[in-house]
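Work through the exercises below with the sequence and the model side by side.

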Amino acid sequence: MAEIALVDCNNFFVSCEQLMNPELLGKPVCVLSNNDGCIVARSNEAKKLGITMGMPYFIAKKQFAFKNVHYLSGNMRLYQDISARIMTKLSEFTPTIEIYSIDEAFLDLTGMKRLYRCSYGKIAEMIQRCIMEEIGIPVSVGIANSKTLAKLACERGKTGNGLYQIGYHQIDEELKKTPVEDIWGVGKNTAALFKKYGIYKASDIVKQNEFWLKKIWGKRGLELKSELLGESVYPVVDKPALPKSLQRTSSFAKFTNDKTYIKNALCYHAHQACAKLRKLGLCAEVLHVMLRTKDFQVFTEKIVLPAPTNSELSVNEFVVKLFEKIYNPKLIYRSSGVYVEKLTEKKALQLYLFSTEKDIKAQKLSGICDKVEKKYGKGIISIGAITPKESD
């Protein structure tokens with residue numbers, strides 16, 4: 001039987017900021033999204049004040065004006081660096097680790113208690129203590145026989161000392177006190193669907209016959225039942241699946257209809273998307289450009305590229321063409337984005353028949369840009385446009 005652990009960093013972005021500045025410990029702290037739009041992370045003290053996730057910064061600042069809340073602009077480079085250190089440390093406990101997000105990872109601990117000569121609960125304690133002592137980030141660890149139950153155990157642990165284990169003989173009791181909306185992978189719509197049929201707890205799901213579950217929710221319904229019963233349907237995979245699409249979007253610092261500013265923003269998004277494609281060894285065949293107005297109207301345009309590519313030097317000319325099609329100087333815009341799809345592994349592509357010397361040079365230059373940014377930092381080079389920044 002599988003034994004899976006989920007390690008989740010507590011209030012990760014805030015914990016990183018507190019690691020860099022210990023004076024923030026024990027104080028209400030909020031980390032803001034790009035351009036300081038809304039709150040994306042909160043310390044426990046901020047949560048107790050009633051500050052909610054996603055709350056717009058200007059509302060929180062006004063509503064909690066006299067609560068001495070510290071609002072910090074997000075620093076993704078810092079968070080990514082600390083995340084990489086944590087994941088490297090976790091890989092020392094087991095060779096099979098699946099990085100689920102920047103602050104979460106699943107670990108396959110099956111059989112590891114023989115190696116460490118202690119229980120899985122003790123291994124979880126070792127992991128928690130190691131990350132705190134060697135890196136300085138508090139984590140919660142949940143252990144169970146499946147990913148779904150490990151996720152549930154981790155959430156239970158956050159309300160206590162950060163450690164929680166759901167043993168095989170505890171599953172029934174745990175499912176009885178778990179609302180369907182608290183199950184990993186069950187969204188609002190699915191929860192509403194279950195409740196429509198009188199299913200309110202996780203224990204109600206496992207009582208249903210497989211034919212009915214498959215009819216209501218397809219294969220996912222059958223898999224969910226197995227996972228809740230402690231049967232591992234989703235194994236820990238140390239090689240993540242490649243994405244089918246990528247998108248890069250952001251809100252503007254101020255609402256604007258400045259044509260050059262918006263165009264530069266789109267070119268910068270293209271640069272970010274292409275850099276990610278190169279990192280994953282992928283090329284894109286279809287390009288989308290998106291503009292969102294002040295009143296949330298969305299305008300998009302797409303094009304099939306002449307050849308699959310991951311070079312912004314090749315993509316930017318099409319970004320500009322699509323932008324010209326949807327831009328209206330009479331409208332005020334709040335955000336923009338670039339979306340690429342129909343991704344193919346670069347090594348799987350045959351040499352494109354109509355590749356030109358210009359295409360080949362673009363690929364080489366893009367690779368050079370990646371090396372420069374890796375050495376000197378992201379944003380040190382702008383491809384075809386100046387990186388958009390808020391003007392003074």
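Helices (H or I, at least four residues) and strands (E, at least two) are DSSP runs, numbered from the N terminus. Residues are numbered from 1 along each chain as its sequence is written. This is a predicted model, in which local features need pLDDT of at least 70, side-chain atom pairs count only at pLDDT 80 or more, and totals for chains, interfaces and linings use all residues, while side-chain values use heavy atoms, with hydrogens and water left out.

**Exercise 1.** Locate S203, and decide whether S203 counts as buried or exposed.

Solution. Begin with the secondary structure, where S203 falls in helix α10, which spans residues 202–207. Next take the relative accessibility, for which buried means under 20% relative accessible area, exposed over 50%, and partly exposed in between (1.4 Å probe, protein chains only). The value for S203 is 11%, and S203 is therefore buried. Finally list the contacts, a contact being heavy atoms within 4.5 Å: once residues up to four places away in sequence are not counted, S203 touches L175 and K176.

**Exercise 2.** Describe the setting of G50 in the loop between α2 and α3.

Solution. The loop that holds G50 runs between α2 (44–49) and α3 (57–63). With a relative accessibility of 35%, G50 counts as partly exposed. Leaving aside neighbours within four places in sequence, G50 is in contact with M55 and F64. As for distance, G50 and A60 lie 10 residues apart in sequence, and their C-alpha atoms are 9.6 Å apart in space.

**Exercise 3.** Work out the strand order of the open sheet of 4 strands, and state which strands stand at the edges.

Solution. Two strands pair if DSSP finds at least two bridges between them, and on this basis the order is β9-β12-β10-β11, with antiparallel pairing. At the edges stand β9 (245–256) and β11 (298–309), each with a single partner strand, so one side of each has no neighbour in the sheet. From one strand to the next the twist averages 15°. Looking at one pair in detail, β10 (residues 282–293) and β11 are joined in the antiparallel sense over 8 bridges, and L287 stands opposite I303 in β11. Helix α13 (residues 259–280) lies across β9, β10, β11 and β12 (333–345), at about 155° to β9, and helix α14 (residues 312–326) lies across β10, β11 and β12, at about 155° to β11.

Notes
Axes fitted to C-alpha atoms, helices over the stretch in contact; angles between N-to-C directions.
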